[in-house]
Amino acid sequence: MRSKHRLGKFAWRTSFMAIAAVLALSACGGKPQAEPVEGPEVHSPVQPPAEDVPEPAAPEPAPYTAPLTGLAVEAPVTQRPLAVMINNAPAARPQSGLSQADIVYEVLAEGGITRLIGIFQSQAGIEKIGPIRSIRPYLIRLGESYGGVLVHAGGSPEAYSIIQKQGKHDLDEIGNAGAFFWRAKDRKAPHNLYSSDEKLREAAAKLGYDQQVQVPQYSFLAEESAGGMSGTNSTEGTQSSGGTADGTEGARGQAGTTDGAKSSADAAENTSRAEESSASANSAGDAGQPAEAGNAASQAGSQTGASGEAAGKVDITFLLNSYVVSYEYDEDSNTYKRSINGSPHVDLNNNEQLEAANVIVLGADHKVLDDIGRLAVDIEAGGEAMLFQRGEVIRGQWVRAANDAIRFVKDGAEVALVPGTTYFNIVPNSPSFESHVSISNP
């Protein structure tokens, strides 16, 4: 009983004290404090730790360059060039395969119409090349200067004599390789003869021709410089494609490399002759970079970039006023687009207009040999020349050392080319070299 009494007494006291506290607060004017109402809980967003995302790696530059174009390639270019004689009569146009040539030469044949020589090396899978036509002695020398297998259908008596007596490496549709050519049905002969690079290389292998030779190599501007400031990407004068180590001419007459000392002497002599015969070519406004006296144009170290006058368009008249070849500069592609008589000159394989990163116009002595109008063209002596690249013209000279290709020089130094295809246009020196060339800026 006592325990229950004590607990009751304790509870009464506790209640009394609570009531007294409330009354005391009321007497002092105070109000009971309401408990704070908690709002929704706000959490700061938790940022995940930043991951290190590597920047995409820049593509690795291709480790090799093609010797005749200076363009990057994934594997060494070792195959032997094909030097194909291509018909350029109106009935033969548009031709096939020219857009995939590394180098193209244009030079007069008979009747005022030109013959084209396509030098094919760095590209493969060219399904149709042509129409293919006959060969002349000066065309033999131009094709062989790149170590090329000569591809033709017939030839002048003198050309045949040279091929047979000197054992040239040639593929002749009329003679030793007819099975590797075909005639298209949509054109009339003789403007319908074609082949492909695969068939031509198969024919060369069947005839036992060397598949790899020494190939001349040009100096090219570094690709980042090709569209603006000039710079050099110097290369040796020749590139080995598996030919003879000493670069001598093969027993059957294929072109080899230039021997260093002989090339130096020959190139220097030709440069001197060219400069003597065309001193006026070094006109004001052509800022070339002089080389040391005696440097050979074809040797590394004597190559330079140069600047010249604005030249947005060049018109070239080889002989006939009714036949004018034009090249117009395109800034987007950094190339000169080719036209004939005002119409775009296209490749029938892809319907694309032919274009050149470099256009070289050079003057040579021409001589009529017979009533048919066959010509002798001097492609050895050197002379006046113009190089069109990057929308400018550089005035200089052309030289050719023994067994070497034609090179463009200024003040004795080879001028570096823009990577890409190069077109060489050989015009007569009469009545004057300049009379065949008209430069404008549309």
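The exercises below, each with a worked solution, concern a predicted model.

**Exercise 1. Classify the aromatic pair formed by Y327 and Y423, and state which strands the pair ties together.**

Step 1. The ring centres of Y327 and Y423 are 6.0 Å apart, and the planes make an angle of 65 degrees.
Step 2. Rings count as a pair if their centres lie within 6.5 Å, and planes over 60 degrees apart count as edge-to-face. The pair of Y327 and Y423 is therefore edge-to-face.
Step 3. Y327 belongs to strand β15 (residues 324-330) and Y423 to strand β28 (residues 422-428), so the pair ties together parts that are 96 residues apart in sequence.
Step 4. Both Y327 and Y423 are buried.

**Exercise 2. How many aromatic pairs does the structure hold, which residues do ring pairs link into a cluster, and which charged end sits over the ring of Y218?**

Step 1. The structure holds 8 aromatic pairs.
Step 2. Y105, Y146, Y218 and F424 are linked into a cluster by ring pairs.
Step 3. Over the ring of Y218 sits the charged end of R407, 5.1 Å from the ring centre.
Step 4. Another ring with a charge over it is that of Y194, where the charged end of K128 lies 4.4 Å from the centre.

**Exercise 3. Describe how strand β14 pairs with β15 and with β29.**

Step 1. β14 (residues 313-317) pairs with β15 in the antiparallel sense, over 5 bridges.
Step 2. In this pairing, T317 stands opposite V324 of β15.
Step 3. β14 and β15 form a hairpin, with 6 residues between the two strands.
Step 4. β14 is also joined to β29 (residues 437-440) by 4 bridges, and these strands run antiparallel. Here the bridge partner of V314 is I439.

**Exercise 4. Work out where T335 sits and what surrounds it.**

Step 1. T335 is part of strand β16.
Step 2. The relative accessible area of T335 is 10%, so the residue is buried.
Step 3. The side chains of T335 and S333 are joined by a polar contact of 2.6 Å.
Step 4. Apart from neighbours within four places in sequence, T335 is in contact with E328, Y329, D330, E355, A356 and A357.

**Exercise 5. Which residues of helix α4 are buried, and why are they said to be on the same side?**

Step 1. In α4 (residues 197-206), the residues D197, L200, R201, A203 and A204 are buried.
Step 2. These residues cover an arc of only 155 degrees around the axis, so they lie on the same side of α4.
Step 3. The face turned away from the buried side carries the exposed residues E198 and K206.
Step 4. The cover over the buried residues of α4 includes β3 (82-86), β5 (114-120), β6 (149-152) and β7 (170-172).
Step 5. Just after α4, G208 has a positive phi of about 80 degrees.

How values were computed
Residues are numbered from 1 along each chain as its sequence is written. This is a predicted model: local features need pLDDT of at least 70, side-chain atom pairs count only at pLDDT 80 or more; totals for chains, interfaces and linings use all residues. Side-chain values use heavy atoms; hydrogens and water are left out. Rings of Phe, Tyr and Trp (its six-membered ring) pair if their centres lie within 6.5 Å; planes under 30 degrees apart count as stacked, over 60 as edge-to-face and the rest as tilted. Buried means under 20% relative accessible area, exposed over 50%, partly exposed in between (1.4 Å probe, protein chains only). A charge sits over a ring if NZ of Lys or CZ of Arg is within 6 Å of the ring centre and within 35 degrees of the ring normal. Two strands pair if DSSP finds at least two bridges between them. A polar contact is a pair of N or O atoms within 3.5 Å; within protein, one must be able to donate a hydrogen and the other to accept it, and residues adjacent in sequence count only if both atoms are side-chain atoms. Contact means heavy atoms within 4.5 Å. The arc is that of the directions from the helix axis to the C-beta atoms.
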